[in-house]
Amino acid sequence: MPHPIISEFDIIFAGGGSTACVVAGRLAALDPSLTILILEGGQHTLNQAAHVQPCKFPRHLAPTSTTMTFNVGNPSPRLNGRAPIVPCAHCVGGGSSVNAMCYTRGPASDFDDWGAEGWESKNLFPLMKKLETYEVQPDRPTHGYGGPIKVSPGGCKLGTIFEEFIHVGTTYHKRQYAEDTDDLQTCNTYSMRRYIGATGRRSDAAHHYVYNQAHNANLQIWVGKRVKRVIFQDKRAVGVEFTSDPVSCPDADQSPSIVKASKLVVISTGAFGSPAILERSGIGAEALLKRCNIKQLVDLPGVGENYQDHNLVFTPYFAAKGTVTMDPLYLGEESDVVVQKNLAQWKIDGKSLIAQNGSDAKIKWRPDDDELKAMGPAFQPRWKEFFQDRPDKPVALFSLCAGGGGYSRILPRGSYMAANYFTLYPVSAGSVHIKLDENGQEGIDFNAGFLDDPSDIVPLIFGYKKLREIIRRMSSYRGEVPMGHPHFPQGSAAVCGETTGPVDLNAPDIIYTAEDDDAIDRYLREHVQTTWHSLGTCAMKPRADQGVIDARLNVYGVTNLKVADMSIAPINVGTNTYWTALLIGEKAAMIIADELGIGSQSSWKIPQSRL
């Protein structure tokens, strides 16, 4: 039965992504009498195959996808004139409904480095445990066993390809293996990972925090609604103005509507959406607002600044014929025989390749002395300034994809695997702002900042070389897919192509010439991309330091307005950011509950999902 339309709520969330679902779900469970509205531009994800079947996540990145917004950056000379494209989620559950489900947790010290009162790791640790049910191993002291998000190996093991990767990593690469490297401090150790419950379904914030409270008429989700701005009385947030979303509801009336909030407005539309709402509401830098014909309410020049991400590269390889990979599932039509077979099994017990994300093995990598020397002098200042005395901070995350990765859509049918590597603490930062085009239409002025700092490309160069050495020692290796590798000079020992099998474990490494290194540099600048980990544009920092919110998530200069999403992170985090978004949500719920006086921590319960 549809819930009645309400024109005023206690709390309004502008955005229905991962963090918003956590906060709204926690508050609704704590006090069901609270009237809570989530306004989401995208559509529902409830029990939809594209969102609950793990193998289908790559489809959200298709150019025609409406579950993603594709933010086009300004061309950058550091990317050889290329304009980077950074997708962000556009559906209920946000990134948790479309991401690759890779479970990693960063070092606890990341939060201590934020320097925000109440956000220190010792204060967040109970919430880190509270949000998860860790189904991998029992009795791990840093993990939780009763939370909404299920962490496990899922319902399906994918052949031997990941065992091969880890075997070479622990022998040739001389690193150890551990079942749990997500204990908030371990790095430089190989391990397995995932964010999939034992039922073989995606473990997302939408299903496990809000959809399981559908019985509560006071918790409402309005989809296809794009929040334009916050409505103020004096400087008190009292509601929001919204329209039908032009992407998810192209034929709907675009005239604006207003809904009121009696207690609080929470902006939660991510690193792109949250600063845009603030700027359209008159909160931001004076010159920018003037150019956009917006009357300034609060001078906050930090809005939209401090954009950060992780820098990712996919590099494809041929795999031996018969190697079990995910490409048939990533791309196959529903009528495909392989898809049908796996789907039938998944519907019975969740134990088929449908339950796979294709990325089970990883290492949070730090260079040893020899590797650091091989990286050359350009990275030394950054190493000494940031990494050297922080042994829990990895430089990059190396992993293997059982498929063609970003090349799956353009490669002919076959067996492929891909090296994935991304830097975790790049120096470079960018910005995200609104702008008006020559016709007065709103657009985006987005500088990604990728590779602007010269030190940022160095770990990627090393990552290409090291992962190539690891993969060419795997039993399944059958060569490099040339279109996805650097174009090395003819006659170079590094020239790529198909081959008949792996090299010996003790074979010498490829020796790269200066020309080869130039080819790798060009390749990386032409191929490096987002890791879909955008953050930082509404930073939780002192106002004088270009901060946008305080440690209680309040926007400076106004009242009854908070921001809660990855945009609040003042500096980067050494992890896939889904976990951090969930943690921010748990902390935000705690803050808001405290301010509303609606319960103690011990009384916080989320209904157990029956999904």
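I take helices (H or I, at least four residues) and strands (E, at least two) as DSSP runs, numbered from the N terminus. I note that this is a predicted model, in which local features need pLDDT of at least 70, side-chain atom pairs count only at pLDDT 80 or more, and totals for chains, interfaces and linings use all residues. Residues are numbered from 1 along each chain as its sequence is written, and side-chain values use heavy atoms, with hydrogens and water left out.

**Entry 1: two asparagines**

I looked up asparagine 47 and placed it in the loop between β2 (36–40) and α2 (49–52). I find its phi near 55°, a positive value in a residue other than glycine. Asparagine 47 has a relative accessible area of 44% and is partly exposed; buried means under 20%, exposed over 50%, and partly exposed in between (1.4 Å probe, protein chains only).

I then turned to asparagine 306, in the loop between β14 (298–299) and β15 (311–319). Phi of asparagine 306 is near 65°, again positive in a residue other than glycine. Asparagine 306 counts as buried, at 17% relative accessibility.

**Entry 2: the chain as a whole**

I record 15 helices and 23 strands for the chain. The radius of gyration is 24 Å, close to the 25 Å that the globule rule gives for 611 residues, so the chain is as compact as a globular protein of that length. That radius is taken over C-alpha atoms, and the rule is 2.2 Å times the number of residues to the power 0.38. The C-alpha trace spans about 70 × 55 × 50 Å along its principal axes.

I find that 61% of the 611 residues count as buried. Of the contacts (heavy atoms within 4.5 Å) between residues at least 6 apart in sequence, 73% join residues at least 24 apart.

**Entry 3: nonpolar cores**

I looked up the cores, each a set of buried Ala, Val, Leu, Ile, Met, Phe, Trp, Tyr and Cys residues joined through side-chain atoms within 4.5 Å. The largest nonpolar core has 175 residues, and among those that touch the most other members are Phe13, Trp119, Ile283 and Tyr421. Helix α15 (residues 577–596) gives the most to this core, with 11 residues. Apart from it lies another core of 6 residues, including Ala276, Cys292 and Ile434.
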